[in-house]
Amino acid sequence: MPKKSQHVRSKITGEIRHMDISSIKQRKGIKINSKRHWAVLVEECVGCNDANWHQKKNDVPANVIKKLVKEKQQGREVKHLRMDNAGENKLLEQHMNKVD
């Protein structure tokens with residue numbers, strides 16, 4: 001059964017984004033692409049996403065900030081970015097606080 005939430009979905013395009021990172025783990029004998037960390041930004045109102053591959057998780061914060069700055073310049077400022085408390089997300093939060 002799907003999880004029910006009391007959260008009211010945003011009706012303003014670009015206002016709220018959700019972000020997550022997933023990594024592909026390498027198995028013995030199987031070669032994988034060097035860009036094995038997948039970062040996804042999902043726009044809450046419309047539900048569209050922007051996904052990118054990265055070589056290191058620590059590359060994600062700078063790229064996310066570039067995207068958010070570009071969105072702001074285009075008149076679609078993200079007011080809330082929801083993410084879990086993983087280390088790279090804490091790093092992103094520190095970078096964003098410096099930008100403000």
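# A guided tour of the model

A search of the whole structure finds 1 aromatic pair. Rings of Phe, Tyr and Trp (its six-membered ring) count as a pair if their centres lie within 6.5 Å. Planes under 30 degrees apart are stacked, over 60 edge-to-face, and the rest tilted.

Before you click, two notes. This is a predicted model: local features need pLDDT of at least 70, side-chain atom pairs count only at pLDDT 80 or more, and totals for chains, interfaces and linings use all residues. Residues are numbered from 1 along each chain as its sequence is written, and side-chain values use heavy atoms, with hydrogens and water left out.

**Stop 1: the two tryptophans**

Select W38 and W53. Their ring centres are 6.1 Å apart and their planes sit at 25°, so the pair is stacked. W38 belongs to strand 2 (residues 37–43) and W53 to strand 3 (residues 49–54). The pair links distant parts of the chain, 15 residues apart. Strands (E, at least two residues) and helices (H or I, at least four) are DSSP runs, numbered from the N terminus.

**Stop 2**

An open sheet of 4 strands runs in the order 3-2-1-4, with mixed pairing. Strand 3 and strand 4 (80–82) are the edge strands: each pairs on one side only. Neighbouring strands of this sheet are turned by 20° against each other on average, direction ignored. For such angles, axes are lines fitted to C-alpha atoms, for helices over the stretch in contact; angles run from 0 to 180 degrees between N-to-C directions.

Strands of a sheet pair through backbone hydrogen bonds, either parallel or antiparallel. Two strands pair if DSSP finds at least two bridges between them. Look at strand 1 and strand 2: they pair in the antiparallel sense over 7 bridges. Select D20, then find its bridge partner V40 in strand 2.

**Stop 3: the salt bridges**

Side chains of opposite charge can pair when their charged atoms come close. A salt bridge is a side-chain nitrogen of Lys or Arg within 4 Å of a carboxyl oxygen of Asp or Glu. How many salt bridges does the structure hold? There are 4.

Select E71 and R17. They form a salt bridge, with the closest N and O atoms 3.1 Å apart. E71 lies in helix 1 (residues 60–73) and R17 in strand 1 (residues 16–23), 54 residues apart. E71 is buried, at 14% relative accessible area. R17 is buried as well, at 8%.

Next, pick D50 and K67. Their closest N and O atoms are 3.1 Å apart, in another salt bridge. D50 is in strand 3 and K67 in helix 1, 17 residues apart. D50 is partly exposed at 28%, and K67 is partly exposed at 26%.

Move to E77 and K72. Their side chains meet in a salt bridge (4.0 Å, N to O). E77 counts as partly exposed at 39% relative accessibility.

**Stop 4: a loop residue**

Select N33. It lies in the loop between strand 1 and strand 2. N33 counts as exposed, at 54% relative accessibility. Where is Q94 from here? The C-alpha atoms of N33 and Q94 are separated by 29 Å, and the two residues are 61 residues apart along the chain.

Methods:
Buried means under 20% relative accessible area, exposed over 50%, partly exposed in between (1.4 Å probe, protein chains only).
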